[in-house]
Amino acid sequence: MANPTRQLQVLDGEEDGTLLKVAFASSDRETVDQHFGSSRSFVIYGVNPEHAQLLSVAEFGELEQDGNEDKLLSKLALLDGCIAVYCRACGASAVRQLLAAGVQPVKVAEAARIDELLDSLQVELRDGPSTWLAKAIRRTQGAGDRRFDAMAAEAWDE
């Protein structure tokens with residue numbers, strides 16, 4: 001498994017858990033210009049209706065285009081906690097693995113700008129999220145205190 005060769009983590013003390021994490025397959029940190037499986041770098045932002053904040057940038061070394069599924073493992077690990085990954089394309093196997101990990105793959109047009117995608121996501125959060133985004137928000141909120149409500153409501157036999 002190829003771990004990122006370089007990773008920048010932004011620690012400014014502002015991330016309070018209210019930001020949804022989204023990733024972008026980008027070589028220049030400005031546009032989405034890479035296929036998920038062969039992406040050599042990802043930019044991860046935290047976003048809520050009022051704020052978008054760079055959280056991290058990760059770069060991978062040269063990757064073989066050999067269909068080796070193991071190269072996806074480090075990328076999936078990097079995206080842990082993200083609700084979505086924006087990319088130019090994504091293979092069927094990668095889509096299945098991303099969805100199983102709770103990450104929605106989002107295919108975008110060539111040279112889609114990250115700042116515009118963030119703006120669009122913020123507008124959607126303010127105006128009412130789409131189906132996939134609403135599910136992602138529920139998943140992130142489900143990790144909080146309410147996750148035990150269903151268990152507490154169940155009858156237990158001892």
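Biologist: Which residues form one aromatic cluster?
Modeller: The cluster consists of F24, Y45 and Y86. Rings of Phe, Tyr and Trp (its six-membered ring) are paired here if their centres lie within 6.5 Å; planes under 30 degrees apart are stacked, over 60 edge-to-face, and the rest tilted. Please note that this is a predicted model, in which local features need pLDDT of at least 70 and side-chain atom pairs count only at pLDDT 80 or more, while totals for chains, interfaces and linings use all residues. Residues are numbered from 1 along each chain as its sequence is written, and side-chain values use heavy atoms, with hydrogens and water left out.

Biologist: How many aromatic pairs does that rule give?
Modeller: The count is four aromatic pairs. In one of them, the ring centres of F24 and Y45 are 6.0 Å apart and the planes stand at 80°, so this pair is edge-to-face. The pair links distant parts of the chain, with F24 in strand β2 (residues 20-25) and Y45 in strand β4 (residues 41-47), 21 residues apart. Strands (E, at least two residues) and helices (H or I, at least four) are DSSP runs, numbered from the N terminus.

Biologist: And F24, is that buried or exposed?
Modeller: F24 is buried, because its relative accessibility is 0%. Y45 also counts as buried, at 15%. The classes are buried for under 20% relative accessible area, exposed for over 50%, and partly exposed in between, using a 1.4 Å probe and protein chains only.

Biologist: Which ring has the charged end of K75 over it?
Modeller: That is the ring of F60, with the charged end of K75 5.6 Å from its centre. The criterion is NZ of Lys or CZ of Arg within 6 Å of the ring centre and within 35 degrees of the ring normal. K75 is also one of the buried residues of α1. Helix α1 spans residues 71-78 and is mostly covered, six of its eight residues being buried.

Biologist: Changing topic: how many salt bridges are there?
Modeller: The whole structure has two salt bridges, meaning a side-chain nitrogen of Lys or Arg within 4 Å of a carboxyl oxygen of Asp or Glu. R29 forms one with E59, and their closest N and O atoms are 3.8 Å apart. E59 lies in strand β5 (residues 52-59) and R29 in the loop between β2 and β3 (31-32), so the bridge ties together parts that are 30 residues apart in sequence. R29 is partly exposed at 43%, as is E59 at 21%.

Biologist: What about D115, which residue does it meet?
Modeller: D115 meets R113 in a salt bridge, at 3.2 Å from N to O. D115 is partly exposed, with 37% relative accessibility, and R113 is partly exposed at 32%.

Biologist: How many disulfides are there?
Modeller: There are zero disulfides, the test being a pair of cysteine sulfur atoms within 2.5 Å. For C87, the nearest cysteine sulfur is that of C90, 4.8 Å away. C87 is buried, with 1% relative accessible area.

Biologist: Last one: where is Q122, and what is it in contact with?
Modeller: Q122 is in helix α3 (residues 114-127). Apart from neighbours within four places in sequence, Q122 is in contact with V47, N48, P49, E50, H51 and A52, where contact means heavy atoms within 4.5 Å. Q122 is buried, given its relative accessible area of 10%.
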